[in-house]
Amino acid sequence: MAEKTVRLGGTLLPAIGQGTWYMGENARSRQQEVSALRAGIDLGLTLIDTAEMYADGAAEEVVGEALQGGLRDKVFLVSKVYPWNAGGEKAIAACEASLRRLKTDALDLYLLHWRGNYSLAETVEVMETLIRQGKIRRWGVSNLDYGDMQELMQVSGGDACATNQVLYHLASRGIEYDLLPWCQQQVMPVMAYCPLAQAGRLRDGLMENRVVQQIAEAHHASAAQILLAWVIHHQGVMAIPKASSIKHVEENAAALAIVLSDDEMRQLDAAFPAPKGKTPLDVV
């Protein structure tokens, strides 16, 4: 069965990648995390997302170690810059520090982690500089809502934004009101972080929901796999779940081949309805 892909900046990628939030926080887990990332690459989960924020750079170091031995060329590597580093010389220095930790000479994608100290114009300008310097190949944003994206589009060069990474899962559907349709119209992929509500208060309610469980049984799958399949069912949306064990990585990769029927999507929609009006962007 064909597996779901999403085109990002001219590159065709699997609709499920590998997130690294909470990696690098415990030295005892490091080898397990490295092994999980490598297993994911072997299984075709070739997008790896990290950030200078995660474990104060230690997550990037875990990724850097995982990519040793010739794996860098097989991976679409994404990192994110703190808002207070997202302009001028600070951004250049932050990017160079990320590259050192990742043991690579260039990022495939560099994201503004959230809006903050620098104007969008200053961030776009330094992203263009980093591209010219060969340190990044493309840039995007994270945690920007519909209004922020409209503002970004008015900035010179803002339309080169390659993606918006936001919180999105079955119990957090606010982006469907305006942000997601707009991104789809622009053919701008959305990267869904916390697609299993990992960091959210609703995780147990999602995993244990009767409808989710019944659909999982019908597919001989886990509840988590159904939640991932739901996220990537949406046009132009990719999910970046974290998996710090090989078993979880294998489960995530298998979710790429799960296709939910229209009826199953309707059942999930009824169990977790989308908001009927504008809601504040969910951020964790």
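**Exercise 1. Find which residues of helix 1 are buried, and what covers them.**

Step 1. Glu33, Val34, Ala36, Leu37, Ala39, Gly40 and Ile41 of helix 1 are buried (under 20% relative accessible area; exposed is over 50%, partly exposed in between; 1.4 Å probe, protein chains only). Helices (H or I, at least four residues) and strands (E, at least two) are DSSP runs, numbered from the N terminus.

Step 2. The cover over these residues includes strand 3 (18–19), strand 4, helix 2 and helix 10 (246–254). Contact means heavy atoms within 4.5 Å.

Step 3. Note the basis. This is a predicted model, in which local features need pLDDT of at least 70, side-chain atom pairs count only at pLDDT 80 or more, and totals for chains, interfaces and linings use all residues. Residues are numbered from 1 along each chain as its sequence is written, and side-chain values use heavy atoms, with hydrogens and water left out.

**Exercise 2. Compare the span of helix 1 with its expected span, then look past its end.**

Step 1. Helix 1 covers residues 30–42, 13 residues in total.

Step 2. First to last C-alpha is 19 Å, close to the expected 18 Å (1.5 Å times one less than the number of residues).

Step 3. Gly44 follows helix 1, with a positive phi near 95 degrees.
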